[in-house]
Amino acid sequence: MITRTRLAAGACALLAALVGGMAFPAGASAGEPTGEDAPKVDLVLDVSGSMRTRDIDGGTRMAAAKQAFNEVLDATPEEVQLGIRTLGANYPGDDRKTGCKDTAQLYPVGPLDRTEAKTAVATLSPTGWTPIGPALLKAADDLDGGAGSKRIVLISDGEDTCAPLDPCEVAREIAAKGIGLTIDTLGLVPNTKMRQQLSCIAEATGGTYTSVEHTEELTDKVNQLVDRAADPVVTPVATEGADACAKAPTLKSGLYTDREEFGQQRWYRVDVAPGQELRASVSVGADRAVNPSYGVLLRAVTVHGREIVRGEAAGNGRTDMLSTGLRYPKAESDDDDDAAAEAVCLQVTNSFSVASGVKTTPGLPLELTVDVVDGPGDSDDVAAFGLGRGWWLLGLLVLVGFVAGLLWGWLSRWRFAIWRTN
């Protein structure tokens, strides 16, 4: 019995060690976030006159927002630098020009003093207009600087009243800067027009839109977004592709963002040495209404124009993001003359189109991932035995299971023989 127990324990320990080795990789990959810069969040609150409406849990929309803010301030992680900006909080008059400038920093983005921030929120009273566009521009300035996560959380109960400065266009301009800023929007008791506008603002920067009709929902969602800001992120590097391979910027491994006009080609260059493998992927987002049936093409081409490999994807209007990728392993060379790195040109082309009246500028947001790694050898090729690089671990597990089965059978027969003898 003791022998059987020890054998079983030993087999379990070996299996746990093998599984642990597969579950936990040895180290982080290059380009992963380091979290050195503190994450920043700017809460942008609509304090326009409509916030006096009493339709959230028997109280006013402003009361619900204040309660939610107090709970969020208590739960904000220590590492998050948080600020509060208002829109429509100070000017009660009818002059539209003045009302559309009514946005102010209630609490500066930085280390949080919870008592001071709560005191500032308590002084708010629904007052004026709804200048969402100007408030977003100012909020982007509030978060300027640093490479950490940047997030704006906009809470509003109505659409912007300061056109022609379209808040959706403002969000696209912010996204085009490539500063890694995300805008999330929350609509209090939303109507169709407000929902469309807040959704557009969020989608332009890769954020989320949520409709809220209860105080608890508002608290939970803002808390979730503030916590999300504390998660490490990789900030894309803004780049500008060329209209030809010869003029293209040379990129290293990393994440890049760009803008691409409708039907336009964008070119980038990557140096790939013998024995290395180029892995590239691209995503193009439809941040405005587009016609159905569209596609994205990513090609790897030599400097002389010969296509090496391509990746392509097509859509039919069911998604606003289209992605594709490719891989190009460059073989080792025994010839010293061929030991130099090869310049590979990446071409990105889209076939999105829009109906008449939809703005075509700025271009569609484009995100390009480039990774140049050591190519797989003959003995450990990714496709070896159809099991990937971990095939030998699986084989070892099968062998351990076979040996354990034999031992278990032998022990069982031995115990049965002893029982018959007794």
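R172 is found in helix α6. The model described here is a predicted one. With a relative accessible area of 6%, R172 is buried, since residues under 20% are counted that way. The side chain of R172 makes a polar contact with the side chain of E169, at 2.5 Å.

Beyond its neighbours within four places in sequence, R172 touches C200, A204, R259, D287, R288 and P362. Two of these residues, C200 and A204, also belong to the contact of α6 with α7. Another, P362, is found in the loop between β16 (342-350) and β17.

## Helices α6 and α7

Helix α6 covers residues 167-176 and helix α7 covers residues 192-204. Their axes come within 8 Å and cross at roughly 5 degrees. The two helices are therefore roughly parallel to each other, as angles under 35 degrees count as such.

On the α6 side, the residues that meet α7 are P167, C168, A171, R172 and A175. On the α7 side they are Q197, C200, I201 and A204. By type, the residues of this contact divide into seven nonpolar, one polar and one charged.

Strands of a sheet pair through backbone hydrogen bonds, either parallel or antiparallel. In this protein, six strands form an open sheet with mixed pairing, in the order β5-β4-β1-β6-β7-β8. The edges are held by β5 (103-110) and β8 (209-212). Each of these edge strands has a single partner strand, so one side of each is left without a neighbour in the sheet. Direction ignored, neighbouring strands of the sheet are turned by 15 degrees against each other on average.

Within the sheet, strand β1 (residues 40-46) and strand β6 (residues 150-156) run parallel and are joined by six bridges. L43 has V153 in β6 as its bridge partner. Helix α2 (residues 61-75) packs on the sheet and touches β1, β4 (81-87), β6 and β7 (181-188). The direction of α2 makes about 165 degrees with that of β1.

Strand β10 spans residues 254-260, and six of its seven residues are buried, so the strand is largely enclosed by the rest of the structure. R259, one of the contacts of R172, falls within the residue range of this strand.

Strand β9 (residues 237-238) runs parallel to β10, and two bridges join them. Here A238 has T257 of β10 as its bridge partner. β10 also pairs with strand β17 (residues 364-374), in the antiparallel sense and over seven bridges. In that pairing, Y256 stands opposite L368 in β17.

## Backbone exceptions

Most residues other than glycine have a negative phi, and most peptide bonds are trans. Several places in the model depart from this pattern. The peptide bond between T361 and P362 is cis, with omega about -5 degrees. P362 lies in the loop that leads from β16 to β17, and P362 is also among the contacts of R172.

D57 has a positive phi, near 55 degrees, in a residue other than glycine. D57 is placed in the loop between β2 (54-56) and β3 (59-60). S293 likewise has a positive phi, near 70 degrees. The loop that holds S293 is the one between β12 (276-285) and β13. S293 is exposed, with a relative accessible area of 55%, as the cut-off for exposed is over 50%.

## Y294 in strand β13

Y294 is found in strand β13, which takes in residues 294-302. While S293 is exposed, Y294 counts as buried at 3% relative accessibility. Y294 and A313 are 19 residues apart in sequence, and their C-alpha atoms are 8.7 Å apart in space.

## The protein as a whole

The protein has nine helices and 17 strands. Of its 422 residues, 42% count as buried; R172 and Y294 are among them. Among contacts between residues at least 6 apart in sequence, 75% join residues at least 24 apart.

Conventions
Residues numbered from 1 in each chain as written. Predicted model: local features only at pLDDT ≥ 70, side-chain atom pairs only at ≥ 80, totals over all residues. Heavy atoms only, no water. Buried < 20%, exposed > 50% of the residue type's maximum accessible area, 1.4 Å probe, protein only. Helix = DSSP H or I, 4+ residues; strand = E, 2+ residues; numbered from the N terminus. Pairing = 2+ DSSP bridges. Axes fitted to C-alpha atoms, helices over the stretch in contact; angles between N-to-C directions. Parallel < 35°, antiparallel > 145°, perpendicular 65-115°, else oblique. Contact = heavy atoms within 4.5 Å. Nonpolar A, V, L, I, M, F, W, Y, C, P; charged D, E, K, R; others polar. Polar contact = N/O pair within 3.5 Å; in protein donor to acceptor, adjacent residues only side chain to side chain.
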